[in-house]
Each structure stands twice: as structure tokens, then as C-alpha cells.
Number of protein chains: 4
Amino acid sequence: MVIVMKQDQGEKTEALKNRAEKIGLQVIVTYGAGQNILALVGDTRKVELSYFEGEPGVEKVYRIQEPYKLASRYANRVDTIIEIEGRKIGGHNFTIIAGPCSVETEAQIIETAIKVKAYGADFLRGGAFKPRTSPYSFQGLGLEGLKFLRKAKEETGLPIVTELMDPHDIDDVYKYADIIQIGARNMQNFSLLREVGRCDRPILLKRGMSSTIQEFLMSAEYIMSEGNERVILCERGIRTFETHMRNTLDLNVVTAIREMSHLPILIDPSHATGKVAMVDPASRAAAAIGAHGLIIEVHNNPKEALCDGPQSLYPEEFKQLNNTVRKIHSLVQKEAAC
Amino acid sequence: MVIVMKQDQGEKTEALKNRAEKIGLQVIVTYGAGQNILALVGDTRKVELSYFEGEPGVEKVYRIQEPYKLASRYANRVDTIIEIEGRKIGGHNFTIIAGPCSVETEAQIIETAIKVKAYGADFLRGGAFKPRTSPYSFQGLGLEGLKFLRKAKEETGLPIVTELMDPHDIDDVYKYADIIQIGARNMQNFSLLREVGRCDRPILLKRGMSSTIQEFLMSAEYIMSEGNERVILCERGIRTFETHMRNTLDLNVVTAIREMSHLPILIDPSHATGKVAMVDPASRAAAAIGAHGLIIEVHNNPKEALCDGPQSLYPEEFKQLNNTVRKIHSLVQKEAAC
Amino acid sequence: MVIVMKQDQGEKTEALKNRAEKIGLQVIVTYGAGQNILALVGDTRKVELSYFEGEPGVEKVYRIQEPYKLASRYANRVDTIIEIEGRKIGGHNFTIIAGPCSVETEAQIIETAIKVKAYGADFLRGGAFKPRTSPYSFQGLGLEGLKFLRKAKEETGLPIVTELMDPHDIDDVYKYADIIQIGARNMQNFSLLREVGRCDRPILLKRGMSSTIQEFLMSAEYIMSEGNERVILCERGIRTFETHMRNTLDLNVVTAIREMSHLPILIDPSHATGKVAMVDPASRAAAAIGAHGLIIEVHNNPKEALCDGPQSLYPEEFKQLNNTVRKIHSLVQKEAAC
Amino acid sequence: MVIVMKQDQGEKTEALKNRAEKIGLQVIVTYGAGQNILALVGDTRKVELSYFEGEPGVEKVYRIQEPYKLASRYANRVDTIIEIEGRKIGGHNFTIIAGPCSVETEAQIIETAIKVKAYGADFLRGGAFKPRTSPYSFQGLGLEGLKFLRKAKEETGLPIVTELMDPHDIDDVYKYADIIQIGARNMQNFSLLREVGRCDRPILLKRGMSSTIQEFLMSAEYIMSEGNERVILCERGIRTFETHMRNTLDLNVVTAIREMSHLPILIDPSHATGKVAMVDPASRAAAAIGAHGLIIEVHNNPKEALCDGPQSLYPEEFKQLNNTVRKIHSLVQKEAAC
């Protein structure tokens, strides 16, 4: 941690030095031209920036040491690869998760599953519990939806990815899901993170729509610190001033995460853009930039979808997408090997 | 709801018209110069924008009818006033909630409570369960903290405001809190909103750091739709590109909320700015713009605070703040009456 | 300047140390637990962050010394007060600039000027050259508009504030304006800043809609470094994800600027909100938080205004606003003196 | 244009209808459940949203018709292809512009030009006039820099791309540049846009860091409306809350622009990320998503660069990048043709 003092704050520099030493940190002071800098060495992970920030005399506080440990690239130089029923996520693998926004009927989810399996998907997604901005919107089929997902798995062999919103539902979701998804709105629902950190299912953690990359990794750390190290990260767009797309897809996060962490990072172009015409190009870009995979909304009949229909692909569109992105992934792998 | 079509989309206009009619809406089409507009009349509250948005042929979808009902100004032309042990929040009242970020010790919370009471506070705040970005930070005293708050109340008579993060703790928090706070990071934790919507304590709902005003009111609606209509809104800064302050305090939200809703709206200048020197000026501005009150961090000894020390006021600073903002509130009330 | 190295970058630390010394800086290295920190002492104002940032081995570069000098509070502990025809801007004064968005006709500007003068304005504003997003919109009356402003000044004695967009127009604007305004979109039009830096008129510099406070002060520095030290800053809202208001008014910038600089800072609530109903409350907040004044759109007949009609006040609304904000300003001055 | 009224605003609906008809628009009113909607048909391009927005009684105003005309896809169903000395930009072509941030010495620019030519670049970039946040930073070599660029062109045959900041320099820049660049900070410097709109050089227009896609196209329209229709768009990152990268690269803008306009759209990954390690992955993504090309910072000796060194590639890194992105572009073209 580095504390930069305002000008001519000799006395306050000493006071802060004492304060930092009291909590066990070593302090090295650089006396600059009127402006002092304190470098705090030791385990600063437990210290919040706000412990020093805003203090009179302090200009700015910077965190040097990453506040996360288990999620850090330094903890694990080798990419984490998560294996689920023979399918691998991370490393050189490119994983495609596909399926509808919501599970609506048994027929819908089975038909969609059969198609996305045939066209190249590795996992089936589908929401049984849906986070909705409005209390009056369709909230998902709940347990019944989970059971339909199970049938789709029995039919196709595709492992299931589905979202958990409420700690009360964890036993049900645990029973039916192969990967438990934590949605963007719950990325800092710390109770829920701890809860899934105590189970042994891989977790797909979506980035909150205004969370920094560091906060994103801190939320992964919450899960990992409870014992569950199988975390898959997923970028799904951040909120900016631009309203043409639903969100602004921050693809460079892939390069950042690959450097900062050993965890796999997927891209969700469907929620990021909210527009069917943008899903295919954004998926190509995700493969090209080095993402470990995609999560794509596909519906057997988007026109009748109860939610997110217009951002859902037809199965045939997914087929084309799947083919192209896998070719791009291979090309990029080959080029990197040169 | 208004759907604007792209140019020359005659056929798709008809298809969408049918789709909207199928879900029970009346549709009026304006055939413009090559570009058609569909106005959807009826109860569109249950319809998500994404049901039409992103569809090929659609340029943009706008929601006309507010998606909230109980929280709306149209539901209640008269300001909601919430009464708690003789103290009123809303309407012409100006309510000040003060206290430390975290409950740390019995002595700390009682000493702080006595001082803020003496200097003008109406309620005591203090966190027993703390949402922390890092799993390694101090997470609050939990139940013990709640008990210390109770003692501080017994000592001073100040009703208690404290945060609930985890549905598992609702019984404890319900028992010790007079107002239950939902933090910014949980503003769209819909399970938690429903949970507190089923209890009979007033709820202090903080705006999420990237939530729109409409999403903010929708989260209030979640609580109200379960039966608990005593919701107090609180703006605490939004996340923008500016990093000089911790967040950007969006004070105009007060004027917006007063027009759109009947619920009271408070300002939290401590979290919004993260800087002790900004708390007093921002509080004056909050009173001047028409907020119904403030929630302020005050600590009996900010230098030793376990969290947010540098944004906490000394009790004597709070005294001065309290005096000035109440004068501004009176002046503004008087001027409005002219 | 502080450079934080990534872990285990001993060699690169030395290389960067040499690089910094080569450009005349003194370098102090703190060897932390695997991670080194370089403190660069000397005149780092000319060094761009990007000179070190992004270099392999570098984690982050922080600027310690403010990159501005003349605009800095350290350059001038006493508030700058700018006097124009007997009117003072800055310090304890509260200055109100009022008038229409555009000069439309001689009658319109004179009538508006007479009214705002009568109701308390100190200066008259009005645009002769208008920055418009669309090339097809009304672009202002140009030189003719400047002449109408002159007549309004002759009629009322109110000094004139008007915008300069194009360096080709500087002679005309110089001749007719008492304060030259640089609009938000030109805040980083460095050629224009240099140009007005070489003239002897006070400059009203508006903050760009996505500029940081530091960039804002750097643009003031551009003007001052050419010799014109009479710069008046003006916050007019920043661009964020919130679309309810035209922009998000960042009122805490007043407190920040008062600490970082000696220059006066005004608030423009009309452009910040874009809504007539928000202008009065936001003006009250501006006075309460400590702004040095306001710039307000007032039109003798808003319904017929060629631009920004709906955010323009009627003269009578301005009268009420003027009275209230001046009372708040007095109250805050009195309280601060306690 | 669509105007949505607040509830129960019958009278004001009529008043607005009259107001719109007075400026020559046809008005169709939909009388909804208490809430009226006005659809305005006719040429609304000249009408600013603010002409109606903010008016009491008005809830929201939406623009339906695009405010741009010449830049619109409807104006030109076929992609614009701009030919410069035999090199084509737009359509199925993939154009790579490479070179240093600033022209520093004759040797530096010639050496860099020779290398980027050899490794696949189509154009040479280099700044002679540099927009700098600080008046104390190196501002470019000016005319001398332009002359060095000319020599580099004579040596290699690469046409030159360089920035114009000040209208006073237009004759010099016109003489030496084959494409004139307008930087992000000047995207809404309307005087400069008009100026370059009157010359016959192609213009490379960079997106402002907080400009919407629509504003971006409106700035292109400014240039085109003066007669110069050879505009090349360039996305270089937008400003968001995320500080890990210099800016957030908004790659989906490529898909949006390709649908909304016929103009070519390039990506600048160097300025967007500010990190050399991100340039190559982001370039691959740009090619995959369908951009018409790239503008890349390459320096013969990044360690000695006077500006932006750490985001500049070594020529050999550029060679690798060039090879990979051209393969991705070919693959995507081939797939699209299937």
C-alpha cells in the first residue's frame, strides 16, 4: 500500500506511520519535495483502503499488493482446468454453453438441448430461478424447471448450468446443476458467495455490471476462501453511458484476467449486447481475443420465448456461430504456438 | 410501450402487432415516412423491454408506463410519512441518522450514541453485519453487535438502523432493529427484498451504485409488493469515471424521486464521498435540494475506527453539521411556503 | 510519481530507475515483499504517465505531484477574485449569470436582460455561436447576435458572457464579450485554450462531460500558462449511465476545486439537468455546497425559444430562485464564520 | 420523434401538438390509458430533442428518425470504399495503419516506416501536432514533423495519416497528409469539422471518449454536409468506471456502425488499452468482429519514445500481429461467404 501525503504534512506523516505500524505493517517514508510518500510493506490484504483514505493530510492511497490470493496468477502459474463429466473448461479448451434464457416447458428445453448438442454445444444452460427487475415479471418455473433440465440432460448427456439466487434453494440447485451460476446482480451478495463456496460444484461467476476487474476477482476469492476453488469467470458487459447496446462488452477483460488470474474466463455476448445481430460477431471476437469459451442464448423458437427472445439465436444460427468460432479458436491457438 | 421500427419494415410491423395483441395489449400503429411506430396500450408492467427489443426490424423500444405501481406518485399523491417511536420520516420532516460504520465495542457504540443524541440525531446507525469486498476484512460483530446496539438504545432512546445482508439473519436483525437497512450491493438481491417485504419493519433501501432511478424504484416495489409499504430510499453515490471521490453523489435524484414517488428519500454523504471534508458541504446541499434527511457516519474516535474512519465525523463536527443543515432545511421550507 | 512494479521484477526495476534518472528525476526504490516501488522525485509535471505506464514489468503508475501549477491552491493560498466592471467573482461573492441559451432577436435579448437585471442577475449570458450536435440545427446569429448583446448591455449595464467556438471569431467575441465562455465540448480543444490564454478577457471554462477534475484544472492551466490567469471554472454535469437527467451534476466538485485550486467555481444547473423543474432545487444545493455562483438559462418566453426552451426559466421563476439562493448563500457564510 | 406525456396532461398534449405543427411537422396522437403519446412525422432532423424535452407535462422525448442523413446506411446501401494511392479502405478490405505516436526525428520515422512497410502496413501514421493534457508536455515537432513524414513516404511509398488540431495549420497538414486525422478530443470541435469538410482529403474521425454512436455519426455528418464524403470512422475506447485499462474498447460499435452507416470503421487498440500486452489480442478481436482495419502504434525503439512508448509495439511484434489478424480477416470473410 502506498500513501501519498498532501504538501507540507510532516506531522501527519508521522501520525500515519505510527498508525500503520500499530497494525503490524512496516513503513518506509520517502520525503519528497514538500510531499511525502509512505510505502507500507507486509500483509495489507486485510486492510481496507478506506482505513487511510480520506484522512486529513492524505492525498491518495494506492493498493499495491493484490487483495486476493487464491484467485491470483501468483498462486497458480498454471491455468486452472475444471473438468466436468469429461468436459474441460480452461487452458487451451474452448467451451460453449448454450440454451434458453428460461426453462419454459419440458418440450422446449429438450428440443433446444437436442439441437444445441447436435450443433456443437458442450453444456446446456437454462434458468429455473430468474432475477427480474420487476416483481410482476415471470420469475421462472423453480424446482419444476430444474426437473425439466434434468430430463434434457438425460436425453442429451449435456451437463447443466443454471442460476442460484436464493440461499434457500441451494439444495435443489445443487442436486440438479453441474455448474451453479451466480448472476451479475449477485456478484457482491457475499452471503451467497460464501454459501456456494462451501459446496463442491463448480461455480460460474458473472461480473457485476459496474464491478471493476479487481472486485470481480475478490468475489471469486470469497468463494475460493471457503474451499471451493473451481470458479469460472464470465464477462457479460458493463454499464456505461452508451445505450445503443444493452451493455458495453469489455473484451479486454479477457487479456487482463489471463494475466492476473489462473481461472478460466468466458464471454456472454447475448446479455452483453441484447441484440441477436451482435451475438455472432461478438462471439468471434471473444474467441479471437483468447476467451476460454462462450455462454450463448439459443431457443428452439425465439419468437415465442417468454424472456430475452430477441437476443436468442435460432438453433441454425448457433450452428453457424459454433463452426466459425471454433475455427477462429484453432487459428489463434496455432498462431500462438508459432 | 412504444416500438419504433427500422425503415421499410411493413411486414415485420404486422408481425409485432400480432405478437403484442396476443399478450393482451391494444396496438396503435403510426405509419411514418418509411418508418413505423407502434404504441402499445394496456398493462405493460409485466412485459420486459427485451420481449421486443433486439428483434430484427425493431429500432428501439421505449417503456411509457412506469413499471412500478405501489411506489409511484400516482398511487399516492400525498407524501408517505413513516413514524417510528414518535419520530417521523418523510413529508416536511428532516431526519438525521448518525453513528459509526461498524459496531466495535459496547463502549464505542454507547459513547457515540450519547453524543449524537446530544447533538441532534434522530436515529442511531451502526453495522453488525458488514458487506466487505474482501473475505479477509473484518466482517462485523454479528449478533453481539446487535446486542450492543440495543444497549445504546436503552441508554439514549435512539431507535436503531442496521443492515441485513443474509436472509438467515433476519430474525435477529428484526428483533434488534427499528429500521432494517438493505445495502447498495443488495439492491437487486431480489430474494432478500422479498424477505424483508414480508416483515413489518420499515426498510431503508440504498441505491445500487450503478442502478438507474427506475431500477431503484422497482426494488422498492419488490418490497412493497410483498406487503411492506414502509420503504425509505437512500442515495449514496453512483459509480462514474471520476475517481477523486469514492462515488459521484447524484443529488438531483432527490428532485426526481419527489416527483416520481411518494416515498421519502435520504442522502448518505459519507459513503458517497468517502472524504470527511466533503461530508459537511454535501449535507448542506442535501438539505437545500429537498432531501428528507441524512445518514451520517460519526465515530467517537475516528482515528481508531476499524472501518471507514477517515470518512467519519467527530461528534463535535456532527454537532456543527446538524445545526447548519437544520437551518437550511427550515429556510427552504419557509421559502417554499411563500 | 510512484511506479509500482509487478512481482519479481528486479531487473526491470533497475532499468526503469535508469530511465527515470536519465530524464533528470531522483529515484528512491522500496524493495517490498517481492514487489518493488519506485518513488520519483523532481519536476514530474512534464512527464506523462504513459511514459512508464504499460511498460512490461510495471503494475501501475501514480502521479503524486499535481501536473498543474498556476491553477493549484499551492500557487495561491488566497482565493482568486475576478473583478469585471465592479462585479466580483470568487471568494465570498455569489455571482449569478442569467439569460437565454441563444440570442434570437434584439427584442428577446433586451427584454430578457431587463428582467433578469431587475430580478437580481449580475451578468447577462446569451449564445451567438452555438455548438450543435447536428449541422442542420440553428447555429446562432453570429456577429449579429453579438451586436444584440451589446445593445442589451447598453440598456441594462449587465456585462456580457458569451461563447467562443472558433478561433476565427476571437476578435469579434473579444470586442463584445466581458467574459468569454469555452464550452464543455471544447474543454480539451487545446488550440482554442491557448488562443484565449493570450487575450485579456476573463474566461469561463466549462468542464467537459467526461473530464476528470484533474483534466479540468489542466485545461485551466493551458489558459493560464499563456498569461491569462483570470479563469472561472464551471461544472455543468458529467455523462454517466443515468438517463433520467440530461447529465449528472457532480456538486462535490465544488468542494474538491475549493481545496485544489484558488479559482472560482460556478454551477450550471440548466444544462446539467435539462429539466426546468430541477433548476431551482439544484441551484439551492449549489449555493449550500459553497459554489461561487450560478449560470442559469432564463428566457422572456421559454415556449417560443429556439433552443433549450424547456430548461429555461420564466423571468418570474428566476426571481424566486435568485431570492432563495442568495439567502442560502448568506446563511452558509454566516455559519462558516461561527 | 415521439413525445410521451405524463399522466392526465390532456391540455398540454394539445399545446404541444400545436407547437409541433407550427414548425411544420405532422402530429398523430395516441390517447392511452391516461397517458398520451405524440408521434411527429416529417423532417425532424433539424429539431433538437431539447425543443420539447423538459417541458412541463412531457415525460420523455425520443428521436425516431436518425438525425444524420449522408452518413446513414439508408443513404448508401453499398459500403463506401475510399481509395488512396491504390490502397482501398472499406468493404472487404482490411487496412492497417502503423507508426509512432509522435514524429521525433527524421531517422526515427524513416526507420519505423521502412519496418512497418516490410511487415505489412498499408499506411504510415505519426503525430506532428500532439494534443496533450498538459501545456508543459512535448507538443510535437509541427511543420518539421510533417516534412519528416514526407521523407518517410518518399522512402517507402506509404501514404501518410496525421492529425490536425488547429484550423490555422490546415494548409500545412493538407499539403503533407494523405489522410487527415481528427482526434477524439476534437470530435465535437464543430468548427474544425466544418473546416476539414471543405477540403478534399479523406478524414479519419476518432470517436470522442464519451460520445454515443449517434453523436459519432453526427460528427461525420458535419464533415460530409460540407461536401467531403470520404470519412473513415475510428473507435479508440470510451471512458468508463474501469481503470485497469486506459479506456474501455467498445468493439460492438463495429457491428452497430456497419448496420447504421456505409462508412468504414477502424479500431485503435493502442490508445484504447494503453498496454502493449493488450494490443495484439484486441487487434485479433477487431479483425474477427468485422472492423475494416486497425491503427497501431509501432516505434522503432519504444523504450526511447517521447510519448506512449509503453503502448508501442516493436516492429517485430507488429509483424506477428499483422500476420495473425490478416489470417483472421480472411477466415471471417470466407465464413461469411458460406
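How many helices and strands are there in chain A? There are ten helices and 14 strands, where helices (H or I, at least four residues) and strands (E, at least two) are DSSP runs numbered from the N terminus. Some notes for you follow.

1. A word on conventions. This is a predicted model, in which local features need pLDDT of at least 70 and side-chain atom pairs count only at pLDDT 80 or more, while totals for chains, interfaces and linings use all residues. Residues are numbered from 1 along each chain as its sequence is written, with chains lettered from A and ligands numbered from 1 in the order in which they are written.

2. Overall build of chain A. The C-alpha trace of chain A spans about 75 × 50 × 40 Å along its principal axes. Of the 338 residues in chain A, 63% are buried; buried stands for 20 or more other C-beta atoms within 10 Å of a residue's own, exposed for 12 or fewer and partly exposed for what lies in between, with C-beta atoms placed from the backbone. Taking the contacts in chain A between residues at least 6 apart in sequence, 65% join residues at least 24 apart. Two residues count as in contact if their C-beta atoms, placed from the backbone, lie within 7 Å.

3. Domains. Chain A is assigned domain 1 (2-62) and domain 2 (73-337), with bounds that come from an automatic or database domain assignment. The C-alpha centres of domain 1 and domain 2 of chain A are 42 Å apart.

4. The open sheet, looked at in chain B. Four strands form an open sheet with antiparallel pairing, in the order β2-β3-β1-β4 (chain B); strands pair if DSSP finds at least two bridges between them. β2 (26-31) and β4 (58-62) of chain B are at the edges with a single partner strand each, so one side of each has no neighbour in the sheet. From one strand to the next, the twist averages 15 degrees. β2(B) and β3 (residues 35-41) of chain B run antiparallel and are joined by six bridges, and I28(B) stands opposite A39(B) in β3(B). Helix α1 (residues 10-22) of chain B packs on this sheet, where it touches β1 (2-7), β2 and β3 of chain B, and its direction makes about 5 degrees with that of β3(B). For such angles, axes are lines fitted to C-alpha atoms (for helices over the stretch in contact), and values run from 0 to 180 degrees between N-to-C directions.

5. The barrel, looked at in chain A. Eight strands close into a barrel with parallel pairing, in the order β7-β8-β9-β10-β11-β12-β13-β14 (chain A). Here the twist averages 25 degrees from one strand to the next. β13 (residues 265-267) and β14 (residues 293-297) of chain A pair in the parallel sense over two bridges, with I267(A) opposite L294(A) in β14(A). Helix α3 (residues 143-156) of chain A lies across β8 (123-125) and β9 (160-163) of chain A and runs at about 165 degrees to β9(A).

6. Strand β14 in chain D. Five of the five residues of β14 (residues 293-297) of chain D are buried, so this strand is largely enclosed by the rest of the structure. Both of its faces are covered, with G293(D), I295(D) and E297(D) buried on one side and L294(D) and I296(D) buried on the other. β7 (residues 95-99) of chain D runs parallel to β14(D) and is joined to it by five bridges; I97(D) stands opposite I295(D). β13 (residues 265-267) of chain D is also parallel to β14(D), with two bridges, and L266(D) stands opposite G293(D).

7. Chain A against chain B. This contact takes 44 residues from chain A and 43 residues from chain B. On the chain A side, the elements giving two or more residues are α5 (190-197), α6 (213-225) and α9 (276-289) of chain A. The largest share, five residues, comes from α6(A).

8. Chain D against chain B. Here 19 residues of chain D are in contact with 19 residues of chain B. β3(D) gives the most to the chain D side, with four residues. A rotation of 180 degrees with 0.1 Å of shift along its axis superposes chain D on chain B (RMSD 0.1 Å), by least squares on the C-alpha atoms of residues with pLDDT of at least 70 in both. That is the relation of a two-fold axis. In chain D, the C-alpha of F241(D) is the nearest to the axis, at 2.2 Å.
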